[in-house]
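Trainee: I would like to learn how to read this model. Please take me through it feature by feature.

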Amino acid sequence: MDSKNRIGATRSRVVAKWRLFPPEIIFSMGAIPYDLLLHEGLVTTKDDEVNPSKYAIEAGLSADCCPWNLSAASKILSKEDDSDIDMFLATVGFCDVSSKSWRTMSKRIGRPFYSIEIPQFNFESENNALLFIQQELSSMFNRLSRRRGYEFSEERLLKEIKKGNFIRNLLSDITKFLSTQSVPVSALEYFLIQTSAGDYLQDPDITGSILNRIKTEIESRNKNGESAPGIQDGAPRIYFVGMAPQQLGFWNLIEDCGGVSVGCDTYLSLFYELIPEHTNVQKELAKWIWRMPHNIPSIERSKMLTAYIKKQNPDAVIIGNLVGCRNISQSDRFVKETIREELGIPVTSLEFGASDEDITLLEPHIRSLIDMCK
Ligand code: SF4
């Protein structure tokens with residue numbers, strides 16, 4: 001996760017992208033996508049020199065802003081003119097907290113911020129919505145090539161979509177293995193595998209090949225009926241919904257409390273379905289973006305998500321809420337009600353606080369949920 005080396009070595013222009021912005025769009029312009037909140041927001045080491053929120057607050061962001069944005073903005077602003085980022089790009093699902101934080105970063109480090117508008121999903125307006133999204137995409141490609149010298153090519157877009165679909169298929173296959181009785185991959189490993197959907201870790205060929213090797217290993221464990229090391233057969237099965245906490249130790253906590261993770265939806269929107277590989281590629285991409293799960297209104301989305309959760313055979317669901325985030329808290333109630341009605345299993349909400357919060361304080365809550373399922 002060492003972002004400095006990762007982007008420094010690319011020698012291409014780096015586009016900081018919103019978490020669920022499809023990375024193939026950026027690759028098709030000959031640039032490198034960079035999932036900013038992931039690479040700059042994860043709390044990795046204790047000796048990190050940058051205070052998780054100092055620079056962001058000095059730049060005018062509220063201390064109550066969500067911790068992912070606070071720490072990502074702080075890290076970017078601490079580098080000042082030394083940032084490798086050429087521009088900031090965002091789209092569908094971009095929250096208002098991020099909007100303010102990204103505009104602040106863009107202004108401070110003097111790199112443009114570009115956002116495309118996506119109408120919310122509604123069957124009745126499909127034709128108009130798709131035309132609108134196609135126009136938004138074309139206008140983005142035109143403006144970026146005219147003003148910033150990016151070279152868009154429809155042929156390259158299709159090629160990148162194919163690479164992305166290869167990764168999507170692998171992520172779906174790996175996720176299916178978590179639905180089996182003996183779960184062959186640990187919670188933390190699965191979360192890290194899922195996060196690779198954000199930007200294919202800057203190289204879809206290498207990432208695809210690594211994920212393929214992981215899948216082969218998981219497949220072999222599955223054939224032998226083996227769980228991942230440290231996971232007990234028959235442990236209560238937990239599905240996670242929402243934005244994950246920054247502290248990776250959360251995933252180990254599920255297992256330390258006697259449970260096993262059977263999936264999470266944090267990056268699911270990026271691999272829920274494949275992008276069709278047809279010739280009218282911009283139209284197909286527009287349709288796929290419009291139907292991304294997080295672009296669907298809360299009630300329909302809860303139903304869609306519940307059908308997906310059901311496939312993983314969970315015994316309980318954890319909904320993650322972050323302090324300073326309005327988006328997930330608003331849909332929390334719908335998700336809870338739908339899961340209880342459709343699956344009849346326990347659902348609990350956890351609140352994740354600041355970056356430096358001690359995640360182990362959540363242990364009693366997680367343990368009591370898991371004990372309830374035994
Ligand atoms: S946690 Fe909420 S506020 Fe923070 S980036 Fe995600 S949606 Fe936005």
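**Reading the domains, the ligand shell and the core**

Mentor: Start with the shell around the ligand, which draws at least three residues from each of domain 1 (3–152) and domain 2 (156–372). Those bounds come from an automatic or database domain assignment. This is a predicted model: local features need pLDDT of at least 70, side-chain atom pairs count only at pLDDT 80 or more, and totals for chains, interfaces and linings use all residues. Residues are numbered from 1 along each chain as its sequence is written.

Trainee: How many residues surround the ligand, and which are the closest?

Mentor: A residue is near a molecule or strand if its C-beta atom, placed from the backbone, lies within 6 Å of it. Here eleven residues surround the ligand, with C66, C95, V97, M243 and C325 the closest. Helices α5 (67–79), α6 (96–109) and α14 (326–343) each supply at least two residues of this shell. Helices (H or I, at least four residues) and strands (E, at least two) are DSSP runs, numbered from the N terminus.

Trainee: How do the residues of the shell divide into nonpolar, polar and charged?

Mentor: Ala, Val, Leu, Ile, Met, Phe, Trp, Tyr, Cys and Pro count as nonpolar; Asp, Glu, Lys and Arg as charged; the others, Gly among them, as polar. The shell has eight nonpolar residues, three polar and no charged.

Trainee: How many residues of domain 1 are in contact with domain 2?

Mentor: Two residues are in contact if their C-beta atoms, placed from the backbone, lie within 7 Å. By that rule, 38 residues of domain 1 are in contact with 35 residues of domain 2. On the domain 1 side, α2 (23–27), β2 (32–35), α3 (36–41), α5 and α7 (126–148) each supply at least two residues. The largest share, six residues, comes from α7. That side divides into 24 nonpolar, eight polar and six charged residues. The domain centres, taken over C-alpha atoms, are separated by 22 Å.

Trainee: What should I look for in the core?

Mentor: In soluble globular proteins, nonpolar side chains tend to be buried together. A nonpolar core is a set of buried Ala, Val, Leu, Ile, Met, Phe, Trp, Tyr and Cys residues joined through C-beta atoms within 7 Å. A residue is buried if 20 or more other C-beta atoms lie within 10 Å of its own, exposed if 12 or fewer, and partly exposed in between; C-beta atoms are placed from the backbone. The largest core here has 102 residues, and V15, A73, L89, I238 and V317 have the most contacts inside it. Leaving aside neighbours within four places in sequence, V317 is in contact with Y239, V241, I309, I339, I345 and V347.

Trainee: Which strands pair with β3?

Mentor: Two strands pair if DSSP finds at least two bridges between them. Four bridges join β1 (residues 14–17) to β3 (residues 85–90), and the two run parallel. V15 stands opposite M87 in β3. Three bridges join β3 to β4 (residues 113–115), also parallel. There, F88 stands opposite F113.

Trainee: Why is I116 partly exposed?

Mentor: I116 is partly exposed because 19 other C-beta atoms lie within 10 Å. I116 sits in the loop between β4 and α7.
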